[in-house]
Amino acid sequence: MNSKLEELESLLFDWEAGTLSDEGVERVREILRSDEDAKAFFVQQQVLTAALKLDVDAGLEPPAMESPAVEPSTVEERIPVLNPSVSRKQLNRDSRINLWAAFAGLCLICVLAVRVFYLEASKSSGPESIAGINDLQHGEKGEATSSGIALVTSLVDVIWEADQSPLEVGDALSPGRLAIVSGFAQIEFFCGATVIVEGPAELDLKSVSAARVHHGRLRAQVPPAARGFSLELDDMKLVDLGTEFGVSMSPDGADVQVFDGEVELHKPGQSKRLMTTGQAGVFKEDGTFQVEQIQPEQFLDIATLELRAKSQDESRYQAWKLWSSNFQRDSRLIAYYSFDEEGDWKRKLKSSIQAESGELDGAIVGANRVQGRWSSKSALEFKRPGDRVRMHIPGEFSSLTLSCWVKIDSLDRWYNSLFLTDGYNQGEPHWQILDTGQLFFSVRHKSDDARGPDARKRTHHIVLSPPFWKPSLSGRWLHLATTYDAGSGKTKHYLNGDLLHEEEIAKDLLVKTTRIRDASIGNWTLPTEEDTEFAVRNLNGSIDEFAIFAAALSASEIKEIYNHGKP
Amino acid sequence: MEQTDNSEIFVRHLTEHQNRIYGYVFSLVGDHSRAADVVQETNLVLWRKIGEFKQDREFLPWAFAIARIQVLAHLRDRKRDRLLLDAELAEAMSVEAEKQAEKIDIIREALRPCLQVLTPTNRELIERRYFRSMSIDDVAESVDRTTGAVKVALLRIRRQLADCVQQRTTAGG
């Protein structure tokens, strides 16, 4: 910036602060009169100030760093902030609201003159940004929050009760009911106690260190740090003093077995009873206590559960392998990378299908091989700004489907790449995730040099999903898919097999012929850049399985990919 | 019904372009409350001239032309008030202001993520100055720094924001 502009910047600052002298005002005018660059710079500064001011009037708080967790289901109605097409639509809708507000008034002119401005100032970019920003991005200022009292850490053959929404490994549990028909669930309370629940069972999770057992069998391991962990069994309360024990609740009573350490049992109207290592007994429904032999083998322990989990993991992996070998015969596949090559990869991402023309194998740059969805399967981790897989995919297509399994560590970049074509030339897609947690898909329609008013200058229609990301999804394998129908322009985003967002691409920006050519998984390469600087768009996370189809897959086909591929 | 239809379209346009008109007026008038006054005057004039507005005519250039007249009138009428620009300069910068104000919604969209990437300390400064409208002296006192230091810091952050907005509005996709 030249010194004149710097001086102008400083003077303008003082003007805004109300401290500029008359000489200062004269100096501003002098600089502006003498310099065209200064004029443009001045206007730019003023428009930025006006933009900030409009945000203030709209009641937008400056954003906090982290977004508190939001369930995808609650954000469906919210319209993405960064979507020009939607906000335009939304603006029109707002105008209608304003219009009717205006006509409803007796004095149209008064309403227009006074209210339109304020209505507009407060609604300017629509309720979407107000709701979106306040609730989604920074509803509460300061640190991001998450809720829960325990984590699901292992699930083996679990069948959930019909009224219980199925949980996944890694889910945080809030206070409430946990009911399984069969199988084993390992729950780690935040206090440090680990509980293995065997179905059929029904529990009420109360707090980070307490639960009520309605029925079922469970084994708890309570290390010293978690001492005081308690279970309510009917009218009785079991307080653990640092130990390992089993409980089986049935209509007949509560069977308590202490494998190690000691537990205290409190029953109203009775003195507390202490049970120590090797003791076992049933507290009968009629209030009597019956001593019995200890039988630790009746209660599945952590080590055995781990073994079972491992074998379940292995069998799921084998089942996926089988499905995948059939899946790759789908004639609509343009490219498919299963990330399942055995042995040394030699820095190549082997294509699982053969192309008629040319080689589809990708070149791995930087990205490290890590464990994938199952312990015997691989994935690639993208961490550093240079990490990527390069590929060349020839041919011309019309409709497209992009599908991948991704584990996101965090969304650090404005654009976090899934799959980006190098040139982003006409007909080439870009598939990425915004830092706001919105899935982004676009196909370039016009070349960059298109001229004309802004509306006509648009070179693509970006289809953005509502934000689906929340920090609690970090480290979880997610299935993302986007289908693009070149006939109707209908574009759909899917998360874990469920439709996330659906939008029709504007007719004038609809692309009939699509191409891929040079592209990267997990990053973006600008073809024109020689070296030095490049836009940092690398994904911070891992990818395991990636497929591109020359067709828009149906919702049930996406669901099928998800069901067979979920870990 | 024709009049109603026309009014409806007119109001829709007026609402849609309200921020752009504000951005245009503010950049030439240089003061928020004055700018709000001029925008209201402009809205009134536009409404009175609704007969001139034809559906096939582009609304924004027409609105900018009216706003320009209002801005110039304002600057000439209030000569005795303290103003940053005189009417001649405002006129000379009118085209540039139109060009930039057209993009104000895009700039606002870009601004949000740009604010997000500021360091907590910097964001706090911006928040105090722009969102809580604290004076520079008060900001300085609240963060226990000198007025000069706060000015330097705020200028730097503004420059960072401007660069970020610039990149985001040109790089998208």
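Hi everyone. A quick definition to start: axes here are lines fitted to C-alpha atoms, for helices over the stretch in contact, and angles run from 0 to 180 degrees between N-to-C directions. Helices (H or I, at least four residues) and strands (E, at least two) are DSSP runs, numbered from the N terminus.

What you see is a predicted model, where local features need pLDDT of at least 70 and side-chain atom pairs count only at pLDDT 80 or more, while totals for chains, interfaces and linings use all residues. Residues are numbered from 1 along each chain as its sequence is written, chains are lettered from A and ligands numbered from 1 in the order written, and side-chain values use heavy atoms, without hydrogens and water.

Now, the helices. H1 (residues 3-17) of chain A packs against H2 (residues 22-34) of chain A at about 140 degrees, the axes lying 10 Å apart. H1(A) is therefore oblique to H2(A) (under 35 degrees is roughly parallel, over 145 roughly antiparallel, 65 to 115 roughly perpendicular, and the rest oblique). Among the residues in contact (heavy atoms within 4.5 Å) are Leu8(A), Leu11(A) and Trp15(A) from H1(A), meeting residues of H2(A) that include Val28(A) and Ile31(A).

On to the strands, which pair if DSSP finds at least two bridges between them. S25 (residues 477-484) and S26 (residues 490-495) of chain A run antiparallel, joined by five bridges. S26(A) also pairs with S27 (residues 498-504) of chain A, antiparallel over six bridges.

Which residue is the bridge partner of Thr491(A) in S27(A)? That is Glu503(A), and Tyr484(A) also stands opposite Thr491(A).

Finally, the hairpins: Gly489(A), in the one with five residues between S25(A) and S26(A), has a positive phi near 85 degrees. Asn496(A), in the two-residue one of S26(A) and S27(A), has a positive phi near 45 degrees. Thanks!
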